[in-house]
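Here's a quick briefing on how a few pieces of this fold sit against one another. Have a look at the model first, then read on.

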Amino acid sequence: MQLDDVTISKVITESFMKDFLEAMEVDVAIGGAGPAGMTAAYYLAREGVKTVIFERQLRVGGGMPGGGMMFNRIVVQEEGKRILDEFDIQTREYEKGYYIADSLEAVSTICSKAIKAGARIFNLISVEDVMIREDDRITGLVLNWSAVSLAGLHVDPLTIRAKVVIDASGHASEICRIVVNKIGGKLRTKTGGVVGEKPMWAEVGEKEIIENTKEVYPGLIVAGMAANAVFGSPRMGAIFGGMLLSGKRAAEVAIEILQQIKVS
Ligand code: 48F
């Protein structure tokens, strides 16, 4: 068989456009393909929930591939290990209750499992705004190519509709900040705004992240490090159990909201 260069170009363009059009009306749209966002996507897609992630960077994984200070290892505790076991990611017990895993195996496996479960991940696309309707409920995301903002080009964005949005954008908690800054929206935090993360304290940060993973504004759930940043809990460095557990919790909360929407 002779390879035709134009056929290669056609199939890439056609296949991408088909999937992008499909992604324009979803149950759950997630901003950020870090460990929390991809874990949430896996647990949602596994339940048949139509899920899409938009990731600003060329690669997925957020802070996970870099491990701790570029030592590409991650640590998880017992509860986090259970999720890694579910993903079939290898771990080794270092000391009682401390498990170590290869950060690249972890990222690539979670990404693969999320996609194979049916979630769609679009890299190189940034969430630059939210879409609102009555009562300022979040009803979708406003997207642009990351290259547009990197080049400082004046190009208008496109929009997708989602029944639920998850902010899994990490420390910057970008979607929650958009809600506060552009809608003047009152988040369900003690200040009504993004409280801001506290300095490193793994023990507390890992516990509070589960409680912080919730609907923070109508139609908007916050997950992962963004949840601790929004609610003013500590950061926790290269222990990643909390990110995985938060992703799983975000999926559960999203499913509860989707069920409420269905009956109302
Ligand atoms: O930062 P990130 O890994 O967030 P996470 O899933 O996990 C946090 C840990 O990596 C680490 C930690 C562990 O204890 O504290 O920091 O909560 O992944 C967030 C992803 O979101 C993307 C960003 O490029 C990264 O890959 N992102 C951020 N803002 C946007 C975005 C945006 N506006 N649009 C699209 N993607």
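Helix 2 passes helix 9 in a right-handed crossing, right-handed meaning that the near helix is turned clockwise from the far one by less than a right angle, and left-handed anticlockwise. Bear in mind that this is a predicted model: local features need pLDDT of at least 70, side-chain atom pairs count only at pLDDT 80 or more, and totals for chains, interfaces and linings use all residues. Residues are numbered from 1 along each chain as its sequence is written, and side-chain values use heavy atoms, with hydrogens and water left out.

**Helix 2 against helix 9**

- On the helix 2 side, the contact (heavy atoms within 4.5 Å) includes Pro 35, Ala 36 and Tyr 43, while helix 9 brings in Met 243, Gly 247 and Lys 248, among others.
- The residues of this contact split into 11 nonpolar, 2 polar and 1 charged (Ala, Val, Leu, Ile, Met, Phe, Trp, Tyr, Cys and Pro count as nonpolar, Asp, Glu, Lys and Arg as charged, and the others, Gly among them, as polar).

**Helix 7 against helix 9**

- Helix 7 (residues 202-212) packs on helix 9 at about 10 degrees, with the axes 9 Å apart, so the two are roughly parallel.
- Glu 206, Ile 209 and Ile 210 of helix 7 meet a helix 9 set that includes Leu 245 and Arg 249.
- Here the contact residues come to 4 nonpolar, 3 polar and 2 charged.

- 3 strands form an open antiparallel sheet in the order 3-5-4, where pairing takes at least two DSSP bridges between strands.
- Strand 3 (73-76) and strand 4 (92-95) are the edges, each pairing on one side only.
- The twist averages 40 degrees from one strand to the next.
- Strand 3 is joined to strand 5 (residues 98-102) by 4 bridges, and Arg 73 has Asp 102 as its bridge partner.
- Helix 4 (residues 103-117) packs on the sheet, touching strand 3 and strand 5, and its direction makes about 75 degrees with that of strand 5.

Terms used:
Axes fitted to C-alpha atoms, helices over the stretch in contact; angles between N-to-C directions. Parallel < 35°, antiparallel > 145°, perpendicular 65-115°, else oblique.
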